[in-house]
Amino acid sequence: MRSREELVEHLKRSGIRDEKVLKAFLKVLRGEFVPEEEREYAYNDTALPIGYGQTISQPFTIASMLEMLRLERGLKVLEVGTGSGYTAALIYEITKSPVYSVERIPELAERARKTLRRLGYNEIYIFVGDGSGGLPQYAPYDRIIYHAALPKIPSPIIGQLREGGIVVAPIGDLHYQDLVAYEKRGDKLVEIERREGFVFVPVVGKYGFRSYHF
Ligand code: SAM
């Protein structure tokens, strides 16, 4: 695919329905978030390498996650796994509110920060560190998205979500995950949606896959 418009047509044909999500994909230039040598593939519906063994996820996967998050204007979002910063920009285009994003690899966090500032996204705040247990200092959040695979939702997350808030994460083992959305109801996380069959890089950290090494 050559353009954002073609990519969005493809996402529609693949079953993405949320108009807010589709509009965000039309707005954000994926080409600005991928390394120079990958730019010609920027609007293909594929994951692309961004260095340090990490990837910018496949657009269809990101669109699925953002639909499951049920984003609205005004919601405060935490993302774990900034990567290139592309997903954070898509989220901001829908919520128009501060986005908090944590990345464990300092070089990726710095590159994402620079890209986002250059494009004028001044309300996306990037933090370096292990975000596997969330980011308690800015809680509570309306939405939390894990952009890397987890064995299960980490226990500290429930305390960082507002009542009725939603967390979406790829849940499974190192080779295969389902995207699962949970809603906070009282002191419980209740599964509200599941889409099967995705493959993410793992969350590495206290609540992730501790035994995983590059
Ligand atoms: N959403 C990103 C984008 O749009 O480019 C793609 C994210 S990439 C698939 C997953 C990211 O999660 C990687 O950059 C990885 O370094 C990061 N990650 C893994 N474990 C983490 C942790 N414990 N805390 C924060 N980030 C982590």
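Is G164 buried, partly exposed or exposed? In this predicted model, local features require pLDDT of at least 70 and side-chain atom pairs count only at pLDDT 80 or more, whereas totals for chains, interfaces and linings use all residues. Residues are numbered from 1 along each chain as its sequence is written, and side-chain values use heavy atoms, with hydrogens and water left out.

G164 is partly exposed, because its relative accessible area is 32%; buried denotes under 20% relative accessible area, exposed over 50%, and partly exposed the range in between (1.4 Å probe, protein chains only). The residue G164 belongs to strand β7 (residues 161–172). Strands (E, at least two residues) and helices (H or I, at least four) are DSSP runs numbered from the N terminus. When neighbours within four places in sequence are set aside, G164 is in contact with R143, E183 and K184, contact being defined as heavy atoms within 4.5 Å. The C-alpha atoms of G164 and V8 are 30 Å apart in space, with a separation of 156 residues in sequence.

An open sheet of mixed pairing is formed by seven strands in the order β5-β4-β3-β6-β7-β8-β9. Its edge strands, β5 (124–128) and β9 (188–198), each pair on one side only. Neighbouring strands of this sheet are turned against each other by 15° on average, direction ignored. Two strands are taken to pair if DSSP finds at least two bridges between them. In general, strands of a sheet pair through backbone hydrogen bonds, either parallel or antiparallel.

Strand β6 (residues 141–146) runs parallel to β7 and is joined to it by four bridges; I145 has V168 in β7 as its bridge partner. Strand β3 (residues 77–80) also pairs with β6 in the parallel sense, over four bridges, and V77 stands opposite R143 of β6. Strand β6 is mostly covered, six of its six residues being buried.

P140 is located in the loop between β5 and β6. This residue is partly exposed, because its relative accessible area is 33%. Apart from residues up to four places away in sequence, P140 touches K76, Q160, L161 and R162. P140 and G165 are 25 residues apart in sequence, and their C-alpha atoms are 9.3 Å apart in space.

Helix α5 (residues 106–118) lies across β4 (99–103) and β5, running at about 165° to β5. Axes are lines fitted to C-alpha atoms, for helices over the stretch in contact, and angles run from 0 to 180 degrees between N-to-C directions.

A side-chain N or O atom of E79 is 3.3 Å from a ligand nitrogen atom. For T87, a side-chain N or O atom is 2.7 Å from an oxygen atom of the ligand. V204 places a backbone N or O atom 2.7 Å from a nitrogen atom of the ligand.

Technical notes:
A polar contact is a pair of N or O atoms within 3.5 Å; within protein, one must be able to donate a hydrogen and the other to accept it, and residues adjacent in sequence count only if both atoms are side-chain atoms.
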